[in-house]
Amino acid sequence: LRAAPRCMDCLGMFTLALALTLTLTQTLPLPLRLLFGGHDAWAEFAATSAPAAAAFAPGATPRVAPGGTPRVAPPAPPPASADGALLQGFREKLTLEGDGAAKAGLALVPTGGTIDKDYPKSLGQYAFEIGEPASERILEASYLGFRFSMERVCAKDSQDITDDDREALVAALAGLAASYAIVTHGTDTMIETAQFVDARRARLPGKVVVFTGAFKPERFQNSDAAFNVGVALGAVQVLAPGVYLAMNGVVHADVNKMSRDQRTGFFQSSSP
């Protein structure tokens, strides 16, 4: 019996708190009523947010709030088909139609260099040899949505590249049916060769040529070859006709203003 008054007090306090909560949830702002309220508050939230969400849906008609400015809805995304309509632009750009068959609009032009070096196959040898073109292996393993061709000019260490080799490179580029070319080259004289080709750009109308290579052979597990070829592949699709160089994650637009950092060996532009 002595505990009865205490129970009654607790019940009274609970009833008072409940009544106060129900009263407050009718006057509090909606965010707080969502915190303290129940089904009615959430129903109100759904009713007020649905029109706003619909107003900003892709392709929706812009709404004007009272006294406000029009809010422009984002454009509707282009439809994507099962065969990848969003990539169709790149496929058309890198694929030429002719003679009743699809021809490659992108050409790989290997010249040798570190990127193509491989372990020696001859007995008693220890020096690296120039092997098969690494860029071809990289692209063949990349699930490409377009075709490419390959035109190998030479297979040399870049320190052994001569002006005759560079002239042969220009002739090969000029004779390509493709408008887009990725030239893989050794790092030591890559800039010199790119400048040589750029000086004869008049012989390459409409061609986009991107030079790249690697500091470590593609056969090495931690090589930068695949990354550099990937950067060059992305760049060649969006650049205007000209001669470019892609190394260290940077695409250089003016090969005549380039140099190598003497401390790191990184490629850099000597002026902005």
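A: What follows goes through the salt bridges one after another.

This is a predicted model, in which local features need pLDDT of at least 70 and side-chain atom pairs count only at pLDDT 80 or more, while totals for chains, interfaces and linings use all residues. Residues are numbered from 1 along each chain as its sequence is written, and side-chain values use heavy atoms, with hydrogens and water left out.

Across the whole structure there are nine salt bridges, each a side-chain nitrogen of Lys or Arg within 4 Å of a carboxyl oxygen of Asp or Glu. One of them joins Lys117 to Asp157, with 2.9 Å between the closest N and O atoms. Because Lys117 lies in strand β4 and Asp157 in the loop between β6 (148-150) and α6, this pair ties together parts that are 40 residues apart in sequence (helices, H or I of at least four residues, and strands, E of at least two, are DSSP runs numbered from the N terminus). Lys117 is buried, at 19% relative accessibility (buried is under 20%, exposed over 50%, partly exposed in between, with a 1.4 Å probe and protein chains only).

A second pair is Asp165 with Lys156, whose closest N and O atoms are 2.7 Å apart; here Asp165 is buried at 15%, whereas Lys156, at 29%, is partly exposed.

Arg203 and Glu167 also meet in a salt bridge, at 2.9 Å from N to O, and this pair links distant parts of the chain, with Arg203 in the loop between α7 (190-199) and β8 (208-212) and Glu167 in helix α6, 36 residues apart. Both partners are partly exposed, Arg203 at 38% and Glu167 at 30%, and together with Arg200 they are linked in a network of salt bridges.
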